[in-house]
There are 2 protein chains.
Amino acid sequence: MSLRPALLACAIALLSSPLAAAEQSKGEPPKYKSAQEIIDASPADAWRTLDPANTLYLELETGRVIIELAPQFAPEHVANIRTMAREHFWDGLSIYRSQDNFVVQFGDPDGDDPAKARSLGTAKKKLPAEFHRASAGLKFDRLPDPDGWAPQVGFVDGFPVGHDPKAGTTWLAHCYGTLGAGRNNDADSSVGAELYVVDGQSPRQLDDNITVVGRVVQGMELLSVIPRGPAPMGFYEKPELRTTIKSIKLASELPEAERVPLQLLRTDSKTFVEATEARRNRRDDFYKRPAGHIDLCNVPLPVRAPKN
Amino acid sequence: MSLRPALLACAIALLSSPLAAAEQSKGEPPKYKSAQEIIDASPADAWRTLDPANTLYLELETGRVIIELAPQFAPEHVANIRTMAREHFWDGLSIYRSQDNFVVQFGDPDGDDPAKARSLGTAKKKLPAEFHRASAGLKFDRLPDPDGWAPQVGFVDGFPVGHDPKAGTTWLAHCYGTLGAGRNNDADSSVGAELYVVDGQSPRQLDDNITVVGRVVQGMELLSVIPRGPAPMGFYEKPELRTTIKSIKLASELPEAERVPLQLLRTDSKTFVEATEARRNRRDDFYKRPAGHIDLCNVPLPVRAPKN
C-alpha cells in the first residue's frame, strides 16, 4: 500500500525538491538533470542582487512581503510609489480586498471619501498611463514557447513580459505575484496609491490594460492566504476583517542590518535557460509524458539568500 | 482624486460585477453585452443540475467544499472514492499539505506507516492509471483559442480538457480547482485515497501524467486560504498545524434537505459560447485593448442556485 503523503510529494514536485546528484557512468548518454540540480550548480554570475532602491518591504503582522519595483516599465508610477513609501502613505492602512483566484488589493479603504481620505503628500496627483513601453533599450530574453495572449513572451530584467515586435512595444505580464496599480475607467487614473497583487490564475487579459509596477519576490504565501472578502469582488464590508498594513518602506531607507539580502536568478543566464528546458521536458521517474511546453507564468523565477 | 478602493473594483472585475442593463437606442449597433449580462439572460436549458451521486461534500470547520466527480474520465478511481466516502475513510483525517501557488493535499497523514495507516476498507488496493481516455463517446466543446500544452482544448460535460485528435485521446486539464489523485512514481500507484486540489497557476505539465478525478465547483476559497506548510513542498511537520477534515460524503448519501442544490452552466450552450466571447474580447469602458484570446483555465465555469 504505497499511496501516501510522501507520494504526491516525490511525485509532483520535483521542481521544488533537490534531487541527490546521481553518479554518471562513463560512456552513457548525459543523465537528465532536474531544474534544481542545474540551479544548484549555477555559477555566481548567474545571479543578480536585488537593488534596495527598487525594493519595497510590505510589513504585515504575519511577516514581510518583498517586492521588486520595475522603474524601467513604469518610471512615473514607481517614482510616486517611492515618494509615498518615504512619506509613510500606507502605514496603518489595509488590505481591504481579497478575491479568490484573482487579487489582493491594498491602500486607503476610505480613499473614496474626501473627508476621510489620507493625503498623498508630495506625491503626484496625476500620472500618465504606463501600460507598455518602447522595446528599444530593453534586453528581451525570449521564451520560445507559443503564447495566446501576446505575439512573443519572455523576460526583461527578470520580469515576465509580453512583446510585440511589430509595434515595438513590451509590457509586464500579469502572473502570480505581479503588482499593479489600480485605476478607474480612465487609462490615466492611477497614481500608485491603490495596489493589487495577483494571487490566482494569471489574468493576462489585463496585460497592456493597466500599469504594472513590479512583482512580489518573497512572501507571496503571506498574501495568498488572506481570507477572501465576503462582499462582491472580495471586499470586506466590516473594517475589522481587513488586514492592517504595518508599513510599506523602501529597503534603501532601512539600515542595512534590517534588510533582507536577496539574489535572483538572471533570466539571461545559461542556468535559467537550461533550468527552464528541464521543466519544459521533464525526464525524471515521475513524468510519463514530458509536456514539451511551458507557459510564461509557469516559469519559476528562483530567489535565494546570497552565498558567502 | 479618484483612485480608490471602488476603482480596481469597477475597473478590473467586470467579469464578476453585474452591469446594469443599459438602454439601447434604436438604430445604433448592438451594444456590447458583458458575460454577466449574457448569463443573466440565459434560458433555463443552458444549465444542468449537479448529480448528487457524482458530488462530494468535503466538510471543514470553515464550511463545505463541493466537488463534482468525473467518472467518465476516471471510472475506477471515482468508484473507489465513492466507496471510501461511504465508508468514512477521510472523516477525521486532514489536509496535511498546502504549497503556495500549487496544491492543497489531503488524506491520511500516517498513510506511510503501516502501523498507523487507516484501512482502505472494501476499496480496491490497486487501480489502473486513468490519465486519459478515448475521445469516442465524449461530446467535446472545443475552445477555438490556441494552447501550448495540448493540440486542442475545450470542455467535456463542463470539465476543462486537453484533446489530441490524432491520438484520439482526451484528458482532464489541471486548472484552478482541479481534483487529482496523488501517486508515487509508478503510473498505477494511485487509489484515490490521497487527493490534491490545484489552488495556484495551472500546473498543466501534470496533464495526462496523473489521474484527475473531478473539480471543486463551490468553496475553493475555503481551501485556497489554508496556511502554507512550513516544511518543504508545503507539508506540516507539526500535526496541530494540519486542517482537520470533518468528513467527506457523497451528496447522494445525505437526506435531500442537507444537500446544496446547484446548477452549472452547460459548456455546450449558446450562453456559454457567447459569455466566453464577451470575455475574450472585452469592449466595456475599462478595457482599452481587448485580449482577443482566452486561456482554457481562465474561462469561468458559472455555478448558481437553482431558480424557482
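Mentor: Across the interface of domain 1 of chain A and domain 2 of chain A, seven residue pairs are in polar contact, both at pLDDT 80 or more. A polar contact is a pair of N or O atoms within 3.5 Å; within protein, one must be able to donate a hydrogen and the other to accept it, and residues adjacent in sequence count only if both atoms are side-chain atoms.

Trainee: What kind of model is this?

Mentor: This is a predicted model: local features need pLDDT of at least 70, side-chain atom pairs count only at pLDDT 80 or more, and totals for chains, interfaces and linings use all residues. Side-chain values use heavy atoms, without hydrogens and water, while residues are numbered from 1 along each chain as its sequence is written and chains are lettered from A.

Trainee: Which residues make up each domain?

Mentor: Domain 1 of chain A is 33–50 + 263–308, and domain 2 is 52–260; the bounds come from an automatic or database domain assignment.

Trainee: How many salt bridges between them?

Mentor: Two, a salt bridge being a side-chain nitrogen of Lys or Arg within 4 Å of a carboxyl oxygen of Asp or Glu.

Trainee: Switching topic, how much area do the two domains bury between them?

Mentor: About 1,600 Å², 63% of it on carbon and sulfur atoms. Buried area is the accessible area (1.4 Å probe) that two parts lose on being put together, summed over both.

Trainee: And which residues in domain 1 lose the most area to domain 2?

Mentor: A:Leu50, A:Leu296 and A:Cys297, together 41% of what that side of chain A buries.
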